[in-house]
Amino acid sequence: MARRGGPLPVLLLALVAGGAAAQPAGGPCNDPLHRQFDFWVGEWEVTSPDGSVAGSNVIEPILDGCVLQETWSGAGGSAGSSFNFYNPQRGVWQQFWVWRNGVPLELEGAFADGRMTLEGESTGQDGSPVRNRVVWTDNPDGTVRQQWEVSRDGGATWTTAFDGLYRRRADPE
């Protein structure tokens with residue numbers, strides 16, 4: 001065991017100082033591109049267009065702010081989680097979603113005009129390809145609208161799979 005002022009504290013100080021010097025000021029993901037989806041961070045109640053409660057969602061930054069983790073709990077019992085991050089190597093936003101039943105969905109895209117748009121392919125229950133497009137809109141009143149559309153004809157036509165309005169919870173749990 002090292003005594004006070006011995007080699008162990010000096011070694012720890014050197015490691016901490018060396019690690020801090022190697023990282024950009026403010027952390028590795030503090031540039032504006034990594035912050036584009038921060039409007040979605042929070043604890044939300046989500047309603048359908050008719051005003052009924054669709055579920056609740058918690059979006060929180062993890063891994064030094066480099067990833068947004070989503071935890072969805074649907075009013076009808078659905079549940080899932082996603083990891084969302086800006087990939088600087090590819091210059092795109094990516095989402096990796098997994099439903100409670102283990103079925104994944106991978107999306108990627110970009111932020112423009114106050115909207116995050118992510119798209120990706122999945123497989124329908126009949127084995128056919130399905131194109132997914134999910135758009136989150138940062139509304140001026142602080143709400144967020146999420147529209148999920150699917151296409152079974154390669155993008156020629158789209159149908160709504162989910163349309164939710166996110167309102168911040170008044171009393172976060």
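Predicted model: local features only at pLDDT ≥ 70, side-chain atom pairs only at ≥ 80, totals over all residues.
User: Let's start with Thr159. Which strand is it in?

Analyst: Thr159 lies in strand E10, which covers residues 159-168.

User: And which residues does Thr159 touch, leaving aside its neighbours within four places in sequence?

Analyst: With those neighbours left aside, Thr159 is in contact with Trp148, Glu149 and Val150. Glu149 is 10 residues away from Thr159 in sequence, and their C-alpha atoms are 5.4 Å apart in space.

User: How many bridges join E9 to E10?

Analyst: Strand E9, residues 144-151, is joined to E10 by 7 bridges, and the two run antiparallel. Within this pairing, Trp148 stands opposite Phe162 in E10.

User: What about E1 and E10, in which sense do they pair?

Analyst: Strand E1, residues 42-47, pairs with E10 in the antiparallel sense over 4 bridges. Here Val46 stands opposite Tyr166 in E10.

User: New topic: E6 and E7. How many residues are between them in the hairpin?

Analyst: The hairpin of E6 and E7 has 2 residues between the strands, and Asp113 in the turn has a positive phi of about 55°. Strand E6 spans residues 104-112 and strand E7 spans residues 115-123; they pair in the antiparallel sense over 5 bridges. The bridge partner of Gly109 in E7 is Leu118.

User: And how many bridges join E7 to E8?

Analyst: There are 9 bridges between E7 and strand E8, residues 129-138, and these strands run antiparallel. Gly120 has Asn132 as its bridge partner in E8. E7 and E8 also form a hairpin, with 5 residues between them, and Gly127 in its turn has a positive phi of about 90°.

User: Now Gln95. Is it buried or exposed, and why?

Analyst: Gln95 counts as buried because its relative accessibility is 4%, and the cut-off for buried is under 20%. This residue is found in strand E5, residues 92-99.

User: What does the side chain of Gln95 join in a polar contact?

Analyst: The side chain of Gln95 is joined to that of Asn84 by a polar contact of 2.6 Å. Beyond its neighbours within four places in sequence, Gln95 is in contact with several residues, among them Trp40, Glu70, Asn84, Leu118 and Trp136.

User: Asn84, okay. Which residues line the largest cavity?

Analyst: Asn84 is part of that lining, together with His34, Arg35, Asp38, Gly65, Cys66, Val67, Leu68, Phe85, Tyr86 and Trp93. The cavity has a volume of about 40 Å³, and the structure holds 1 cavity of 30 Å³ or more.

User: Which strand gives the most to that lining?

Analyst: E4 gives the most, with 3 residues. Strands E3 (67-74) and E4 (79-87) each supply at least two residues. By class, the lining has 6 nonpolar, 3 polar and 2 charged residues.

User: What about the largest pocket, how much space lies in it?

Analyst: The largest pocket holds about 460 Å³ of space. Its lining has 17 residues, of which Trp99, Val103, Ser122, Thr123 and Trp148 lie nearest the centre. The elements giving two or more residues to this lining are E6, E7, E8 and E9.

User: And which residues lie nearest the centre of the second largest pocket?

Analyst: They are Trp97, Trp99, Gln146, Trp148 and Phe162, out of 19 lining residues. This pocket has a volume of about 260 Å³. Its lining divides into 12 nonpolar, 6 polar and 1 charged.

Key: Residues numbered from 1 in each chain as written. Heavy atoms only, no water. Contact = heavy atoms within 4.5 Å. Pairing = 2+ DSSP bridges. 1 Å grid on protein atoms, 1.4 Å probe; cavity = no way out; pocket = protein on both sides within 12 Å on 5 of 7 lines; lining within 4 Å. Points joined across faces, edges and corners; volume = space filled by probe spheres on them. Nonpolar A, V, L, I, M, F, W, Y, C, P; charged D, E, K, R; others polar. Buried < 20%, exposed > 50% of the residue type's maximum accessible area, 1.4 Å probe, protein only. Polar contact = N/O pair within 3.5 Å; in protein donor to acceptor, adjacent residues only side chain to side chain.
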